[in-house]
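Hello,

Here is the structure I promised to pass along.

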Amino acid sequence: MDLQQLAKAAEAVLREDGAMVRSLPHPKVYTKEGHANFVTEADLASQKFLFQHLEPLLPGAHFFAEEQEEHKMEPGYNWVIDPIDGTTNFMRGYHPWAISVGLVRDGEGVLGLVLDPRTGELFSAVKGQGAFCDGEQIHASAMPLENALVVCGTAPYRRDLADPTFAAMKDIFLRCGDVRRSGSAALDLCYVAAGRADGFFEGVLSPWDYAAASVILREAGAAIGPALQFQRPQPIAAGNQAVYPALEELLAQQGWVN
């Protein structure tokens, strides 16, 4: 099947997965390496479900997912999966949280799906075919930096980066309209794509957090950078065409973006 057909089939998988995750009563919580870093039975169940149901859609594709023991991007197609983005929000009943599935082909993002199971909103994009939310095309805003709403992540598992992170956030805050912190980077990036926010920054973000949303952002007319590697955590800046250059410059001054 072509990528558009694949996206439609994968959308159905995500919606089934979202319903399954929401049906799980009080999933157990486990800790992972890093400060206040958790995984729940729901994360593991979601990842297993996605592996089982996406594999037949694109036989031979590899999986690069958060809850795997080893993370290695292979040549060809790779499904890049965050089974629950915003696990702390999910386990505390605090919103938002999301399920994120991107498809990377030889180092390039070609398909992105991000589902908010609570609202049912599904953000989607196939490279070269536009970005959508529940089938309606979306576009990034044209808001200038001085009035922009910029969403920031705090890289909570890297407390050693607290000083430069909050210095960058202060610098951004003093130059934009206001800042936000939600706890789900995948949805934050989709909100930039949909014009609900105008920019985004996080000092260290994992590939499964940005892979799907990066396709959606670009297809909505926004920018994301620096150059995406999809193999390891990296700084991420994103924004509409008015905000992104200024945001990238601010982060370069803080040493985040070279």
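First, a term: a polar contact here is a pair of N or O atoms within 3.5 Å; within protein, one must be able to donate a hydrogen and the other to accept it, and residues adjacent in sequence count only if both atoms are side-chain atoms. This is a predicted model, where local features need pLDDT of at least 70 and side-chain atom pairs pLDDT 80 or more, while totals for chains, interfaces and linings use all residues. Numbering starts from 1 along each chain as its sequence is written, and side-chain values use heavy atoms, without hydrogens and water.

Thr-154 sits in the loop between β10 (149–152) and α4 (162–175) (helices, H or I, of at least four residues and strands, E, of at least two are DSSP runs, numbered from the N terminus). Its side chain makes a polar contact with that of Arg-181, at 3.0 Å. Thr-154 is buried, at 18% relative accessibility (buried means under 20% relative accessible area, with a 1.4 Å probe and protein chains only).

Gly-112, in strand β6 (residues 108–115), is also buried, with a relative accessible area of 0%. Ala-212 is 100 residues away from Gly-112 in sequence, yet their C-alpha atoms are 3.8 Å apart. Beyond four places in sequence, the contacts of Gly-112 (heavy atoms within 4.5 Å) include Phe-123, Ala-212 and Ile-216.

Finally, helix α7 (residues 244–253) has Tyr-244, Leu-247, Leu-250 and Leu-251 as its buried residues. Just after α7, Gly-255 takes a positive phi of about 90°.

Best wishes

Definitions and conventions: Buried means under 20% relative accessible area, exposed over 50%, partly exposed in between (1.4 Å probe, protein chains only).
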